[in-house]
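Thank you for making the time this morning.

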Amino acid sequence: MSKIPILWVDDEIDLLKPHILFLENKGYQVHPCNNGREALELIQESPFEVVLLDENMPGINGLETLSELKQIKPALPVVMITKNEAEHIMEEAIGSKISDYLIKPVNPNQILLCLKKLLQHQHLVAEKTIQNYQQEFRSIALSLHDLNSHQDWIQFYEKMVYWELELEHLEDNSMLEIFETQMQEANRLFSKFVEQNYPDWLGNATNTPTLSHHLMEQEVFPRLHSHKPTLLVVIDNLRLDQWKVIADSLRPHYNLTSENNYYSILPTATQYARNALFSGLTPLEMEKKHPDWWKNDTDEGGKNLFEKEFLGANMLRKNLDIKWSYHKIKKLSEGRQLLKTLQNHSQEALTVVVYNFVDMISHAKTEMEIIKELAADNKAYRSLTRSWFNNSPLLELIQKAASLNFQLLLTTDHGTINVKTPSSLIGDRETSQNLRYKTGRGMTFEKKQVMVANDPNQLQLPRLALNSQFVFAKEDVYFVYPKNYNYYAKHFLNSYQHGGISLEEMIVPFVALTPRS
């Protein structure tokens, strides 16, 4: 095995021969150098993994050498070795992006540990991650067949999201491929669980999960106080894993106080799930109580135009007499405008913000080649979400809300899944267009790949006609009409869709946070 080349720069390098021999016996090739100017020439000529740099040298000193070195090779790790513990020296060194520093006198083991931390950290972390997942793999496989309650499935999915985020940091994708196989099996069993239990959740069963139409009453309204402002942010189409990757950006401003993930209703689509969230009603109840606001799939016009009215009616039924406002952000300019006026809302008990960007990403991935490349898989999809969030007016809005002492509640209406299995479905012209669920009459489909509601009313869904039905795609299935089947199967393959039954679509985040200030 070839030795790891390091450069050691010290004007008393000859006195460090015992240290050098020790490191060479441990697998390092140490290149000695006694001045900064020669060191700068050497790093231009030879590849080094790390530079050990003395701070106090004649000629150009360590800090001056460091400054020039970083201009030549900005990514090269540098360990500063110094006798001087003065704070300004350390601040200057750290500001110049040293990787670590050691205080003289140093012993060989100190240096060895420092080098291992710098050079083997990623490898050691990867090795430990693989080892831990291998130990957990059997436990996950066995537990899959013992998940009997809605809470069991939430806890299981939270664990799987944790492992997916851990495994994505590995250079070797083999563990992630094994994980994806486990997720496929999990979604197969979850679809069975939902098929068996979902009708009871919409009936009179007592042990039901928090569903979309329960969320405001169970999680939001109890947290409202007339003397303290609350900002409720609903990010359309935000999956649990996407929440986890944007959570880090909130930590400087907010403390997480609770995370009560809940179930989106079926269909896991905006017009059903988000209207149910705000109204506190099932789709069937919305159609009956507010026929002027509710629109079915076959109706013309926007399906989410009356969220504010639904929320107002919900609060009126609950006798909530508070100041509140509702804002839907579809464009950058709308986000900027709300940011400017947020202080005016600090006297409200509830300020609701619906943000549509993540939903736009999923739809754009279907139609735009550049988005297909940028969000090729779940890892890239999360990365794109994080990048958007960190540069969006929404993060600025949340930062300002923290400074104004807003409580923050963050949630979504449903998630989304990367679809990979096309399935033929035949329907008439009145059949709805969504790729993960269909409603219509006389539909023909692959029965094993769907959950069927022959009586939509039993699932608290409107019946479009006397003999209309709903079908929901399971796992990663998406519906394709037989006409031009191959074209559309290829066109929608590996796109992010919602409306059906999967862990990613149905188990979604609700978090409560308090400002650090």
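Before we look at any residue, one term: when I call a residue buried, I mean that its relative accessible area is under 20%, while exposed means over 50% and partly exposed covers what lies in between. Please also keep in mind that what you see is a predicted model.

Cys 33 has a relative accessible area of 2%, and because the limit for buried is 20%, Cys 33 counts as buried. Cys 114 is buried as well, with a value of 3%. How many disulfides are there in this model? The count comes to 0, and for Cys 33 the reason can be given in terms of distance: the closest cysteine sulfur, in Cys 114, is 19 Å from the sulfur of Cys 33, which is too far for a bond, given that a disulfide needs the two sulfur atoms within 2.5 Å. Seen from the other end, Cys 114 is in no disulfide either, since its nearest cysteine sulfur, that of Cys 33, is 19 Å away.

Now to the sheet. Five strands form an open sheet, in the order β2-β1-β3-β4-β5, and their pairing is parallel. Which strands stand at the edges? They are β2 and β5, and each of them has a single partner strand, so that one side of each is left without a neighbour in the sheet. From one strand to the next, the twist averages 20 degrees. Within this sheet, strand β3, residues 50-54, is joined to strand β4, residues 78-82, by 4 bridges, and the two run parallel; here Leu 52 stands opposite Val 79 in β4.

Helix α5, for its part, lies across β1, β2, β3, β4 and β5, running at about 140 degrees to β3.

Is Val 30 buried or exposed? Its relative accessibility is 6%, and therefore Val 30 counts as buried. If we leave aside the neighbours within four places in sequence, Val 30 is in contact with Ile 6, Trp 8, Ile 20, Leu 23 and Glu 24. To give a sense of distance across the model, Val 30 and Gln 218 are 188 residues apart in sequence, and their C-alpha atoms are 64 Å apart in space.

Some details of the backbone come next. A cis peptide bond joins Lys 104 and Pro 105, with omega at about -5 degrees, and Pro 105 is found in the loop between β5 and α5. A cis peptide bond also joins Leu 266 and Pro 267, with omega at about -10 degrees, and Pro 267 sits in the loop between β8 and α11. Asn 237, although not a glycine, has a positive phi of about 70 degrees; this residue is buried, at 0% relative accessible area. Asn 319 also has a positive phi, of about 55 degrees, yet Asn 319 is exposed, at 69%.

I will finish with the aromatic rings, for which a search of the whole structure finds 24 pairs. In one of them, the rings of Trp 293 and Phe 310 have their centres 5.5 Å apart and their planes at 90 degrees, so the pair is edge-to-face. Trp 293 is partly exposed, at 23%, whereas Phe 310 is buried, at 1%. Finally, ring pairs link Trp 153, Phe 156, Phe 190, Phe 193, Tyr 198, Trp 201 and Tyr 263 into a cluster.

How values were computed. Residues are numbered from 1 along each chain as its sequence is written. This is a predicted model: local features need pLDDT of at least 70, side-chain atom pairs count only at pLDDT 80 or more; totals for chains, interfaces and linings use all residues. Side-chain values use heavy atoms; hydrogens and water are left out. Buried means under 20% relative accessible area, exposed over 50%, partly exposed in between (1.4 Å probe, protein chains only). Contact means heavy atoms within 4.5 Å. Two strands pair if DSSP finds at least two bridges between them. Axes are lines fitted to C-alpha atoms, for helices over the stretch in contact, and angles run from 0 to 180 degrees between N-to-C directions. Rings of Phe, Tyr and Trp (its six-membered ring) pair if their centres lie within 6.5 Å; planes under 30 degrees apart count as stacked, over 60 as edge-to-face and the rest as tilted.
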